[in-house]
Amino acid sequence: MNILKNIISDLEENKAIDIVSIDVTKKTSVTDHLIFASGTSNRHISSMSESIYSKLKKLNLKDSRMEGKNSGWVVIDSGDVI
């Protein structure tokens, strides 16, 4: 189970724009990777975030948290990947 690959794959499937993954393992102890992506509208962003959040729940990452839903930006914290 590779959370990073699952999230990037899901973003690609949902037509995310400008997907960027940054390895921060040597810079912080908070997380291992940061992923940034854009959407074409608030609805698109909401749809992508719901898809990722659902996938994380199916992967038994029950401690994942989502912030900013319906605000034009979303942060999903899954521990090793934000």
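Predicted model: local features only at pLDDT ≥ 70, side-chain atom pairs only at ≥ 80, totals over all residues.
Residues are numbered from 1 along each chain as its sequence is written, and side-chain values use heavy atoms, with hydrogens and water left out. Helices (H or I, at least four residues) and strands (E, at least two) are DSSP runs, numbered from the N terminus. Contact, or touching, means heavy atoms within 4.5 Å.

**Helix α1**

- The buried residues of α1 are Ile3, Leu4, Ile7, Asp10 and Leu11.
- Seen down the axis of α1, these residues fall within an arc of 135°, so they line one face of the helix; the arc is that of the directions from the helix axis to the C-beta atoms.
- An α-helix has 3.6 residues a turn, so residues three or four places apart point the same way.
- The cover over the buried residues of α1 includes β1 (17–23), β2 and α2.

**Nonpolar core**

- The largest nonpolar core has 13 residues, of which Ile3, Ile7, Leu11, Ile35, Ile52, Leu56 and Val81 touch the most other members.
- Helices α1 (3–13) and α2 (42–58) each supply at least two residues of this core.
- A nonpolar core is a set of buried Ala, Val, Leu, Ile, Met, Phe, Trp, Tyr and Cys residues joined through side-chain atoms within 4.5 Å.
- Ile52 lies in helix α2 and counts as buried because its relative accessibility is 9%.
- Leaving aside neighbours within four places in sequence, Ile52 is in contact with Ile7, Asp10, Leu11 and Ile76.
- With neighbours within four places in sequence left aside, the contacts of Val81 are Ile3, Leu4, Ile7, Thr31, His33, Ile35 and Ile76.

**Largest pocket**

- The largest pocket holds about 450 Å³ of space; grid points are joined across faces, edges and corners, and a volume is the space filled by probe spheres set on the points.
- On a 1 Å grid over the protein atoms alone, a pocket is an open set of points with protein on both sides within 12 Å along at least five of seven lines, and lining residues have an atom within 4 Å of a point.
- Its lining has 19 residues, and Ile35, Phe36, Ala37, Val74 and Val75 lie nearest the centre of the pocket.
- Two or more lining residues come from each of α1, β2, α2 and β4 (75–77).
- Strand β2 gives the largest share of the lining, five residues.
- By class, the lining has 15 nonpolar, four polar and no charged residues; Ala, Val, Leu, Ile, Met, Phe, Trp, Tyr, Cys and Pro count as nonpolar, Asp, Glu, Lys and Arg as charged, and the others, Gly among them, as polar.

- His33 is in strand β2 (residues 33–38) and counts as buried, because its relative accessibility is 18%.
- Apart from neighbours within four places in sequence, His33 is in contact with Leu4, Ser21, Ile22, Asp23, Val24, Asp80, Val81 and Ile82.
- Met66 belongs to strand β3 (residues 65–67).
- Not counting residues up to four places away in sequence, Met66 touches Ser49, Glu50, Tyr53, Val74, Val75 and Ile76.
- Met66 and Ser78 are 12 residues apart along the chain, and their C-alpha atoms are separated by 8.8 Å.
- Ser78 sits in the segment after β4 and is buried, with a relative accessible area of 12%.
- Ser78 touches Ile3, Ile7, Leu56 and Ser64, residues up to four places away in sequence not being counted.

**Positive phi**

- Most residues other than glycine have a negative phi.
- Lys15, which is not a glycine, has a positive phi of about 60°.
- Lys15 lies in the loop between α1 and β1 and is exposed at 62% relative accessibility.
- Asp18, also a residue other than glycine, has a positive phi near 55°.
- Asp18 is in strand β1 and is exposed, with a relative accessible area of 58%.

How values were computed
Buried < 20%, exposed > 50% of the residue type's maximum accessible area, 1.4 Å probe, protein only. 1 Å grid on protein atoms, 1.4 Å probe; cavity = no way out; pocket = protein on both sides within 12 Å on 5 of 7 lines; lining within 4 Å.
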